[in-house]
Amino acid sequence: MEIEIGRGKTARRAYGLDDIAIVPSRRTRDPRDVDIAWSFSFGGREYDFPLPVLASAMDGVVDPAFAVALGKLGGLAVLNLDGIQTRYEDPAPQLDAIASFSKEEATAKMQAIYAAEDVKPELVYERVKEIKDGGVLACASLTPQSVERYIEPALDAGLDILVIQGTVVSAEHVSSYDKPLDLNAFVGSLDVPCIIGGCCSYQGALHLMRSGAVGVLVGVGPGHACTSRRVLGIGVPQATAISDAAAARTRYLEESGRYAHVIADGGMRTGGDLAKVIAVGADAVMIGSPLASAAEAPGRGYHWGMATFHPDLPRGTRVKAGIRGTLEEVLLGPAHQNDGTLNLLGGLRTSMSTCGYENLKSFQKAEVMVAPALQTEGKVLQSSQGVGMGR
């Protein structure tokens with residue numbers, strides 16, 4: 001639905017996760033009969049994950065040890081190969097320093113830490129190999145600007161899945177100064193699957209799918225550590241962005257016969273949020289803030305986005321997540337708090353069982369409702385209303 005902003009501009013009405021609720025269906029289901037596994041195919045190989053969770057490529061969330069821990073639980077962690085792990089042989093002192101900065105000085109001092117050392121190809125190789133030696137799939141991210149420079153040492157070390165990631169990644173970058181990455185040719189030349197993002201529109205998602213991505217990351221600016229909407233003024237509320245990308249997935253499937261996965265990236269803090277993004281069309285989720293609160297995360301209770309340390313225009317902030325529990329408690333419980341921030345996948349599973357759905361694909365068909373009373377000129381008001389089930 002379009003509304004008039006003024007005589008010269010109309011806009012679509014869009015919805016965030018707080019604006020919607022999932023409607024229970026006519027049946028319920030035993031939670032033990034609910035399957036939350038996620039998988040995709042590439043090159044004749046099946047990539048199976050018991051948990052539909054990717055850990056964001058944030059330096060405060062993922063290091064090789066965390067990647068191994070999450071992989072053994074059944075998820076997939078994405079290591080940032082443009083970050084601190086590949087700039088410093090021993091990143092621990094730098095992570096300690098970042099955790100010690102005051103709020104006012106954090107951004108400037110983080111810029112100095114990242115600018116002091118360049119990414120080193122030998123560390124790219126070493127970090128990926130550490131994950132492989134841990135016995136799990138190695139997944140890592142590079143920006144479009146650096147992917148051609150550092151992909152070879154990553155592949156040599158055994159990289160299984162590549163994520164090409166930036167604030168916004170397009171399949172058609174134009175520059176009169178530098179030769180842009182030919183995304184279609186680059187992805188087509190690789191023997192490993194690529195996940196690409198972010199994007200937040202139907203056309204953006206469709207073009208990334210057409211480039212050969214097995215999955216697209218959907219979300220620009222919804223994350224707690226991201227300030228893109230404030231600094232750049234761009235972004236789409238997450239429920240609408242995911243729904244649009246899901247429509248692009250259908251279009252791409254019709255024209256190519258290939259299924260490209262929609263991965264909700266950012267803006268999710270509770271099990272209910274995970275349930276909502278699946279219900280509006282996501283196949284899996286990428287989360288940062290909740291995992292930064294795990295004891296195994298390298299950020300000492302803090303996390304920050306990939307653009308936080310940009311030398312000219314930082315578009316992120318260091319956020320204090322605290323330590324809420326172990327990685328297993330954050331994802332699988334048990335939870336000892338009732339705010340939905342622990343046992344995230346238990347919340348997803350219970351939501352699916354309460355609504356009667358047996359797997360993630362079927363849950364995408366769930367009915368959702370918008371609560372217009374929660375919206376006042378784009379600002380979401382708190383509501384005490386909820387959906388429950390009596391027995």
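**Exercise 1. Find where Asn343 sits and work out whether it is buried, partly exposed or exposed.**

Asn343 lies in the loop between H12 and H13. Those labels come from DSSP runs numbered from the N terminus: helices (H or I) need at least four residues, strands (E) at least two. This is a predicted model, where local features need pLDDT of at least 70 and side-chain atom pairs count only at pLDDT 80 or more, while totals for chains, interfaces and linings use all residues. Residues are numbered from 1 along each chain as its sequence is written, and side-chain values use heavy atoms, with hydrogens and water left out.

Next, the accessibility. Buried means under 20% relative accessible area, exposed means over 50%, and partly exposed is in between (1.4 Å probe, protein chains only). Asn343 has a relative accessible area of 22%, so it is partly exposed.

Now check the backbone. Phi of Asn343 is near 55 degrees, a positive value in a residue other than glycine.

**Exercise 2. Work out what the buried residues of helix H1 pack against, and how H1 lies relative to H4.**

Step one: pick out the buried residues. In H1 (residues 64-73) they are Pro64, Phe66, Ala67, Val68 and Leu70.

Step two: look for their partners, where contact means heavy atoms within 4.5 Å. The buried residues of H1 pack against strands E6 (53-55) and E7 (76-80), along with helices H4 (121-133), H11 (289-292) and H12 (327-332).

Step three: take the geometry. Axes are lines fitted to C-alpha atoms, for helices over the stretch in contact, and angles run from 0 to 180 degrees between N-to-C directions. For H1 and H4 the angle is about 30 degrees and the axes are 9 Å apart. That makes H1 roughly parallel to H4, given that angles under 35 degrees count as roughly parallel, over 145 as roughly antiparallel, 65 to 115 as roughly perpendicular and the rest as oblique.

Step four: name the residues. Pro64, Ala67 and Val68 in H1 meet Arg127, Glu130 and Ile131 in H4. By class, this contact of H1 with H4 has 4 nonpolar, no polar and 2 charged residues. Here Ala, Val, Leu, Ile, Met, Phe, Trp, Tyr, Cys and Pro count as nonpolar, Asp, Glu, Lys and Arg as charged, and the others, Gly among them, as polar.

Finally, see what comes after H1: Gly74 follows, and its phi is positive, near 115 degrees.

**Exercise 3. Now try H2 and H3: which way do they run relative to each other?**

Helix H2 (residues 92-100) and helix H3 (residues 106-116) pack at an angle of about 165 degrees, their axes 10 Å apart. H2 and H3 are therefore roughly antiparallel. Gln94, Ala97 and Ile98 in H2 meet Met110, Ile113 and Tyr114 in H3. That contact of H2 with H3 divides into 5 nonpolar, 1 polar and no charged residues.

**Exercise 4. Which residues does Ile263 touch, leaving aside its neighbours within four places in sequence?**

First find Ile263 in strand E12 (residues 261-265). Its relative accessibility is 0%, so Ile263 counts as buried. With those neighbours left aside, Ile263 is in contact with Trp38, Leu54, Ile195, Val216, Leu217, Val218, Ala284, Val285 and Met286.
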